[in-house]
Amino acid sequence: DLDVSTEKIITSGSLIKKWFHKKSRKNAKSLVLGGNSALNLVQEAGGKVVTVENFLAHQDDDIENIIICNQIGFPFIKTVDTLITYIFQRIESFTLPNLLLPNPDYIYPVSENHYGITSGSIALIIENALDVRYPFQNIKFDYLGKPYPFIFREAQERLPNRTMVMIGDQLLTDIKGAKLSGIDSALILTGINKSTPPIYARGLRPNYLLENLIFQENDLNR
């Protein structure tokens with residue numbers, strides 16, 4: 001029930017346009033893993049979308065960007081197998097495309113006690129395969145979302161000299177990202193890390209704990 005206007009919302013997907021301006025050229029042929037919303041984000045950013053369906057049928061050697069937006073809308077095993085092979089071939093021909101992962105999350109809560117993988121898990125499979133075959137090249141995706149600094153810098157640029165707090169449900173993305181960016185963090189106990197008190201992995205202790213994100217009307221006026 002927070003009254004937040006659309007222009008004040010920053011998502012990892014919304015940062016694709018900024019990544020295109022910095023890293024890729026307009027109308028670059030871009031293979032996009034994800035549903036229709038993912039395809040629209042890349043088109044709005046200026047990319048020429050190649051769907052997974054077209055990629056599996058015609059593995060063109062002129063794809064400039066490989067973008068993993070989410071885990072839906074394509075056959076998982078066939079796509080990952082084909083994509084790993086394709087990237088290997090492009091490395092061997094010294095024409096590796098840009099690799100982009102807007103959202104690095106590995107898992108998410110589908111419902112109570114039911115979890116699913118996200119785009120970060122797909123990228124992790126590919127990066128591990130690259131590390132096995134090319135152990136000294138350190139080939140990685142560009143990451144836009146938490147815990148990496150791109151999304152935090154965008155928020156700080158939009159609101160300079162403001163005090164910020166990161167509210168999230170995962171230690172290794174939300175809380176870690178806040179610490180790396182030098183801002184306070186609050187762990188909400190309704191998601192991935194919801195034990196009370198939570199086990200703080202790798203020293204990632206938040207500044208605050210929240211049982212939930214239910215606000216009373218008088219809270220919003222403080």
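Q: Helices (H or I, at least four residues) and strands (E, at least two) are DSSP runs, numbered from the N terminus. Which of these elements gives the largest share of the lining of the second largest pocket?

A: This is a predicted model, in which local features need pLDDT of at least 70 and side-chain atom pairs count only at pLDDT 80 or more, while totals for chains, interfaces and linings use all residues. Residues are numbered from 1 along each chain as its sequence is written, and side-chain values use heavy atoms, with hydrogens and water left out. A pocket is an open set of points on a 1 Å grid over the protein atoms alone, where a 1.4 Å probe fits and protein lies on both sides within 12 Å along at least five of seven lines; lining residues have an atom within 4 Å of a point. For the second largest pocket, the largest share of the lining, 5 residues, comes from α5.

Q: What is the volume of the second largest pocket?

A: A volume is the space filled by probe spheres set on the grid points, which are joined across faces, edges and corners. For the second largest pocket this gives about 390 Å³.

Q: Which residues are the closest to the centre of the second largest pocket?

A: The lining of this pocket has 22 residues. The closest to its centre are Pro 104, Tyr 106, Tyr 148, Leu 172 and Thr 173.

Q: Which element gives the largest share of the lining of the largest pocket?

A: Among the residues nearest the centre of the largest pocket are Lys 8 and Ala 155. Two or more lining residues come from each of β5 (107–111), α6 (149–158) and β8 (165–168). The largest share, 5 residues, belongs to α6.

Q: Are Trp 19 and Phe 20 buried or exposed?

A: Buried means under 20% relative accessible area, exposed over 50%, and partly exposed in between (1.4 Å probe, protein chains only). Trp 19 has 4% relative accessibility, and Phe 20 has 2%. Trp 19 therefore counts as buried, and Phe 20 likewise counts as buried.

Q: What class of aromatic pair do Phe 55 and Tyr 86 form?

A: Rings of Phe, Tyr and Trp (its six-membered ring) pair if their centres lie within 6.5 Å; planes under 30 degrees apart count as stacked, over 60 as edge-to-face and the rest as tilted. Phe 55 is buried, at 1% relative accessible area, and so is Tyr 86, at 2%. Because their ring centres are 5.1 Å apart and their planes stand at 90°, the pair is edge-to-face.

Q: What is the bridge partner of Leu 101 in β7?

A: Strand β4 (residues 98–101) pairs with β7 in the parallel sense over 2 bridges. In β7, the partner of Leu 101 is Tyr 143.

Conventions: Two strands pair if DSSP finds at least two bridges between them.
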